[in-house]
Amino acid sequence: MKFFVDTADVSEIRSLAEAGLVDGVTTNPSLVAKSGRKIAEVIAEICDVTPGPVSAEVTATDLEGMLSEGRYLAKIADNVAVKVPLTEAGLRACRTLRDEGTMVNVTLCFTPQQALLAAKARATFISPFIGRLDDIGQDGMTLIDDIMQIYSHYDFETEVLVASVRNPLHIVRAAKLGAHVATLPPSVIRALFKHPLTDKGLEAFLADWKKTGQSIL
Ligand code: E4P
């Protein structure tokens, strides 16, 4: 499973990349707004940090606008994946941008039928938002299960990019379903390392070791 980082915070991306945990990056208009930076500048900097796909989202909602913005974003670096919303115009833009050789991430997917349409539009990635479904009392992971099952019957090029991830269990369940990619906020990546018994066990080992008066080197 590939790990993308879901942030526009370049220092966080750099630090996780040094740990070998960044296969790509996703951003969205809210994350870019939070960074307080110009989109072209921040996307260019992220693309320098990682060679993996870096999603940059259009904000136009009509086809022509999405295509103009998408082409502008795609020119920033070879590893930009243009992100378009799962609307009819978004999927038309997806098809055109794919024909032009641009990677496309179709975002805001909440149903298996939307994911099927994105695959037919030759999306590079489909982003089902599982946390936002959990938030409204539905089981987001059922959506991943449904999409993986549907895609397994066909030869689609689209990869399932699990998005709106809120906790480590989301990753475990998505990996068990064979999802290709998950995009994680930096806090969730760091939480993957953690278990209280790891901390407790290490503390006990070090306390016992101290009593021996030995040092390994
Ligand atoms: C993915 O591409 C989105 O940027 C992100 O995962 C949305 O997550 P949220 O629902 O926590 O805002």
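A pocket is an open set of grid points with protein on both sides within 12 Å along at least five of seven lines. In this predicted model, the second largest pocket has a volume of about 150 Å³. Its lining is formed by Thr 7, Ala 8, Asp 9, Glu 12, Leu 31, Lys 34, Ser 35 and Pro 186. Helix H2 contributes three residues, the largest share of this lining.

The largest pocket has a volume of about 360 Å³. It is lined by 20 residues, of which Asp 6, Asn 28, Leu 31, Phe 129 and Arg 132 are the closest to its centre. At least two lining residues come from each of helix H2 (29–35) and strand S5 (103–109). Seven residues of the lining of the largest pocket are nonpolar, eight are polar and five are charged.

The axes of helix H1 (residues 10–18) and helix H3 (residues 39–49) come within 10 Å and cross at roughly 5°. Because angles under 35 degrees count as roughly parallel, H1 is described as roughly parallel to H3. The contact involves Val 10, Ile 13, Arg 14 and Ala 17 on the side of H1, and Val 42, Glu 45, Ile 46 and Val 49 on the side of H3. Six residues of this contact are nonpolar and two are charged, with no polar residues present.

Definitions and conventions: Residues numbered from 1 in each chain as written. Predicted model: local features only at pLDDT ≥ 70, side-chain atom pairs only at ≥ 80, totals over all residues. Heavy atoms only, no water. 1 Å grid on protein atoms, 1.4 Å probe; cavity = no way out; pocket = protein on both sides within 12 Å on 5 of 7 lines; lining within 4 Å. Points joined across faces, edges and corners; volume = space filled by probe spheres on them. Helix = DSSP H or I, 4+ residues; strand = E, 2+ residues; numbered from the N terminus. Nonpolar A, V, L, I, M, F, W, Y, C, P; charged D, E, K, R; others polar. Axes fitted to C-alpha atoms, helices over the stretch in contact; angles between N-to-C directions. Parallel < 35°, antiparallel > 145°, perpendicular 65-115°, else oblique. Contact = heavy atoms within 4.5 Å.
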